[in-house]
Structures are given as structure tokens and as C-alpha cells.
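Look over the sequence and the structure below before reading on.

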Amino acid sequence: MLHELVCIERQGLTKMENLRKKFAVSIMTEDRPGIVASVSGCILEMQGNLAAISQTVVNGYFTIILMAEFPSDVTVEILQKQLLGAGREGEYSVIVREYREPAAKGAEKCHSQHYVLTITGIDTSGLVYQISNNMAKRGVNIVDISGHREGDQIILVAQLVVPEEIDLMCLQDEFAAFGMKKNISVHLQHINIFKETNRI
Amino acid sequence: MGVFTTEEIMRTVEMIHKENLDVRTVTLGINLLDCAHHDPHYLQDRIHKKIMEKAKRLVPVCEEVSRRYGIPIVNKRISLSPISQLLEAHDEVAPVSLAKTIDRAAREVNVDFVGGFSALVEKGWTRGARHLIDSLPIILSSTERVCSSVNAASTAAGINVDAVKRLAEAIIETAQLSANHDGFGAAKLVVFANIPADNPFMAGSYLGAGEPECVVNIGVSGPGVVKRALEVQIKSRNMSFTDIAEEIKTTAFRVTRVGELIGREVAERLGVPFGIVDLSLAPTPRVGDSVGEILQVLGIEAIGAPGSTAAIALLNDAVKKGGLFASSSVGGLSGAFIPVSEDAALSEAAGRGDLRLEKLEAMTSVCSVGLDMVAIPGDTDAHTLAAVILDEMSIGVINAKTTACRIIPVPGKQAGEKAVFGGLFGEAYIMPVHRPGASRAFIEFGGRIPAPLRGLKN
């Protein structure tokens, strides 16, 4: 039994050593059971290995973004064709790109803090644009955003990476003024408050 | 939403913005014993200088941290070494001028209150303690932010009845000197049994022996959060007492974690150690931020009715268990407060006659902290008031727990009338005292009630 395990591990290592190219993949389709299985099965068949994966369903639509490593002879075109073929005819929308290390990652870790923006109240058109456009101008990165509407009420939650040189109090005051104007509640709080209240 | 669900995020947001979760106090403890000097002017100068040096950044730092996490910090306070220990070599006029110096320093650093005009007299008097207690009526009626506490009893020493008698007189004098504000001066004086050395809440906060040179202690709030959590659960499913305790524990865990997060960050920014988080459920006069309302949610229609003591015991115990799991630095009073004037539901229950002094006393035997912010008729005599205090001290001494009295004899007002203190101190219907004058002979014995068997633990 122990001998078998060692062999499997060695085979895995040999495969990993041959993996040279990393790709970023995004797939969108109407949700149904079996999508993750078909996509991950396709990657396995191509001797690929998942490095990171995130999936969500919004109003019945499935999206997945993943990073995977493949043998060096796999190209963007080959991978895209195989993934399109993993679903039913015309079912999957697939985008594939060769992965490049984000240039800002190091700087972001050193000089920024993660905050959570929450918005609740009556939805109006352009709400996400107005917030995100303002953030973009200031160099605030939105790394996660989710929201849903029930009737005319919206709940919007976004995780922001705020550079430390930005005056937090000023930003919070602007959000509060924006909320007053739109008659919605807007709060910006450091992410640690959510860690402390929700995680043991 | 990444590592959190939207529900988790919104639960935290609602706790803060809809259910009145806040940090009730960040209290900076400052050791003053190195300021001792036989010349009162030197003493005052040294104390003023030290408070300014240690506390000048307290309020701005609290505001920064409060904004960062979106958590209100309601009060910023200072607690000092027991001032009586600095008065041992001084005459009887020294306490008043020193209190005015401390009041000025508190104003200059913009803190809400400063505690520590205190004495520990459970076993006997010293010259400094005597002078301090004698000066309390003038100090508490002529200063704005100075608070006082006196430990008159302990499980190890028993009860100093002479001190209790003198304190009862001082409370009545203080109330009379602040008659234009319904005796509010007396709300800044607490008489304790088993006073904790690290309590961040006023008026009983002081920096006790064994504490560091400087330390940040935190008091959280959260009755509104507990009430809302129970309301939602009770409406949505059948709950047993075990389920209720579990829900309170979970909520207390969240509340305590908030307190510790804020406390550690304030301490770090000030460059001083973090001390403790006091996980007491501290109500405010705001509707929805009341311990009394929690009892109502638990099915006690009239607060003070049979079952009230059991309900508060259940609440108090579950809060402690949840808080202890959340933090390894729990201290202070850490229980559920039932300050009558500061809790709208309790105040109304007192006004209706549902909650009487005797039932309140019973409830304090199973929670924190004692007869707190209780208004009684202004013509209550000192012997009767001393007897009320003695009863409360006995509960603390025998049960090896902290109990306290913050009682306001409201000048010129009788039972059933209302006393208005304002702000977080709220307003209270004056509670009748049963058979005033009937305990006079008992109090007259004087001396010290011996320490109970429970005090001999070695």
C-alpha cells in the first residue's frame, strides 16, 4: 500500500515537472449540474493541473475563473477549442489567456489596506458605475463585488484595496454624503472587523 | 464575497448600524504614584503634566480607529491610581484643589470622565482616605469630569460599616450640593465590595495595584445586538433555554471580539499595553439598547415580576461564556449591567412599580454590578441609605463577587417622581425605600462586619 502511494506521488511529480505554461481561463454559461465536472475533466485529459479556481452563480448564470498549468505544447487556441468541446454544442463561452504575474501585486501588499464597502437601500440605475468610477479615479481597486436586488431594494458588497495614502476619513465622508444624496446606506469598514466577528 | 458570505457581512453591519453595537469606553489607565510629593503644588503640577503627556493622543487615536472599523467609541476616559494614596501627607484642603487640577487636565485632553478619585477602606481608614471621602461632596458637585469610587468591603476583609455610614452621609451631602441637577453629583460616586482593579466603566474605574504604568482597557456594549438576535431566533423557531443561552453566547462572542480588536489597535497606536476587555452588557437610555428589553424578549412582560432574576442570571452567564471564548483578556466587571436610569425599560418598570428596590437587589446577586443609578427619595436618612448599601455589600462579600451602589437621593423629590440626569445617564422614576428609619439601631453598632468563611480560601 505504501509502495503504491509513493509510486503515485512520483508519477504526479513527473507530470508537474513537465507543466510549464500557465493559463487564465474564464467560462460563462447557463447553470446546470455537471459544469465543473466537465471543465475539470477536460483539464485532466489535457494533463493540466488547477492552480486556482473561483466559481459563482448569479441569477441562474454560471461563471468560473481558473488558473491552470499545462504541458508546454498546449496553446491558447488548443485549450479554448478543448474547453468549448467540453460542453454541449454552443453552450460555453470561453476566454483563455496565457497567464502573466500581475505587476502591481507586490506594491499593493506593502501600501494598501483591504476595506469592505456595503450599500443597502433603493436601487437606482448607474449606482455601481458611480461608485466604481470614483474608485477607479482614486486608484482604489475593487477585488470582489457581489450584489442582489429584491424588488427595488439592493444589497451591494464590495471588497476594496485602498492605497494607504488615501485619506480614509475623507473617503468615508464622501460615501456618507453620496448615500445621503441617494437615500441609501453606505458604509466603508476595514476588513478585520468582519474577520473578528465572523471567524473563530 | 470572498472569504465572507454577504449574510455575514450584513450581519456585522446591522449589529453596528442598526442594533447599537459600539465600544462603550476606551479607558486609559495611568499610574500616578510616581507623582507623590509633600508639597501640594508640586503634586498638582506633576499629576497635570503626567496626564497631559500620557493621554494627549488618546482621543485622536480613538477617533482614527473608530473610523477605520466603522465602530463608534462612545466614551474616552482615564483611570488613575487611587488618589487617596497621594494624599497621605496632606491636609484636608488638598483633595479639592487636586480634583480641580485633574478635572482641568481631563478637559484639556478632551476625555469624557476621569476615574480614580478613590480610596480602599474595606479594613480601615488612613489619613488620605479620610480626607478624600470628607471632600467628596464638594469635589463631585464642583467638578465636571472627576469620578470617585470607594471600596468599603471585600470577601477577604469583611465590611467596614463605619466607612459605609460616612459614605452614606457623603452621598446625601453630594446630592444636596447638586440639587439643581436632581442630585447628579452622587451619580459620580460608587461604593464597592470587591472592587476590580481594571474596570474601564465609570464611575468606578481606577488603576489598581498590580496594573502596568499605562494600560488600555475596553468596555463594550451590545444589549441591542443580543436583543435583536434573540428576537429573530425566537420568532423563527421553537427555542429551549439551552438554545437561548447558545444564541446569547454566539452574540457575546462577536461583541467581545470587536472590543478586543479596537482595544489592541488603540493600545498599539498609543504604544502602551492592552489590558482587558470588559464584556459587560452596558445599556443606554436609547430604545433598543436595553438589558430590560432583553428580559421582555425572553418573556418577562413586567420587569421585576417573578422569573426576572432567573432571566438575568441566564443572560449574565451566557454572556460570560461567549466572551471568555472570544478573548483571553477578559476582566473588569464583565456581566450584564442593570443601571435603572440608563436603561429605558428598567426605568419605566420602576415608574410603574413593577421593579422595586428589593427585587432589583435580588437581581444584582446574579449579575453585574449592583444597585446602579437608582434614584431614591431625597429625604432618605443616612442610616437607611447606609443599610441599603450594607445589604448590597453583603451580597458581594458572601458570594465573592463585585457589587456596588450608585444611589442618588434626589433632593426635594419623592417616590414616583422623575429625576432627569441627561445624556447616557438618562432619567429615572424615584423608587421608594421600604420602611426608612427602621434599621437605625442596626447601623449604630458600627465597626466592621467580619470576613465570611469564604474569605479564608488558603
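Leaving aside its neighbours within four places in sequence, which residues is B:Leu177 in contact with? The model is a predicted one, and in it B:Leu177 touches B:Pro137, B:Ile138 and B:Ser141 once those sequence neighbours are set aside. B:Leu177 itself belongs to helix α6 of chain B.

That helix leads to a helix pair. Two packed helices are described by the angle between their axes and the distance between the axes. Helix α6 of chain B spans residues 161-177, and its axis comes within 8 Å of the axis of helix α13 of chain B, residues 382-398, with a crossing of roughly 120 degrees. Since angles of 65 to 115 degrees count as roughly perpendicular and those over 145 as roughly antiparallel, α6(B) and α13(B) are therefore oblique to each other. The crossing of α6(B) past α13(B) is right-handed. On the α6(B) side the contact is made by B:Val161, B:Val164, B:Lys165, B:Ala168, B:Glu169, B:Ile171 and B:Ile172, and on the α13(B) side by B:Ala382, B:Leu385, B:Ala386, B:Ile389 and B:Leu390. Sorted by class, this contact holds ten nonpolar residues, two charged and no polar ones.

A second pair in chain B joins helix α3 (residues 58-69) to helix α8 (residues 241-270); the axes are 10 Å apart and the angle is about 135 degrees. That angle makes α3(B) oblique to α8(B). Here too the crossing is described as right-handed. From α3(B), the residues B:Leu58, B:Val61, B:Cys62, B:Glu64, B:Val65, B:Arg68 and B:Tyr69 meet B:Leu261, B:Ile262, B:Glu265, B:Val266, B:Arg269 and B:Leu270 of α8(B). Nine residues of the contact between α3(B) and α8(B) are nonpolar and four are charged, with no polar ones.

The next step is the domain level. Chain B is divided into domain 1, residues 6-193, and domain 2, residues 218-455. How far apart do the C-alpha centres of domain 1 of chain B and domain 2 of chain B lie? The separation of these centres is 20 Å. In the contact between them, 56 residues of domain 1 of chain B face 70 residues of domain 2 of chain B. The size of an interface is often given as the accessible area lost when the parts come together. For domain 1 and domain 2 of chain B, the buried area is about 5,100 Å², with 68% of it on carbon and sulfur atoms.

The crossing of α2(A) and α3(A) is right-handed. A:Ser38, A:Val39 and A:Cys42 of α2(A) make the contact with A:Gln82, A:Leu83 and A:Ala86 of α3(A). Four residues of this contact are nonpolar and two are polar, with no charged ones.

Some backbone details remain. In chain B, a cis peptide bond with omega of about 15 degrees joins B:Met202 and B:Ala203, and B:Ala203 sits in the loop between β7 and β8. The bond from B:Ser368 to B:Val369 is also cis, with omega near 5 degrees; B:Val369 is in the loop between α12 and β10 of chain B. In chain A, A:Asn183 is a residue other than glycine with a positive phi, near 60 degrees. A:Asn183 is located in the loop between α6 and β8 of chain A.

Definitions and conventions: Residues numbered from 1 in each chain as written. Chains lettered and ligands numbered in written order. Predicted model: local features only at pLDDT ≥ 70, side-chain atom pairs only at ≥ 80, totals over all residues. Heavy atoms only, no water. Axes fitted to C-alpha atoms, helices over the stretch in contact; angles between N-to-C directions. Helix = DSSP H or I, 4+ residues; strand = E, 2+ residues; numbered from the N terminus. Parallel < 35°, antiparallel > 145°, perpendicular 65-115°, else oblique. Left-handed = near helix turned anticlockwise from the far one by under 90°. Contact = heavy atoms within 4.5 Å. Nonpolar A, V, L, I, M, F, W, Y, C, P; charged D, E, K, R; others polar. Domains from an automatic or database assignment. Buried area = accessible area lost by both parts, 1.4 Å probe.
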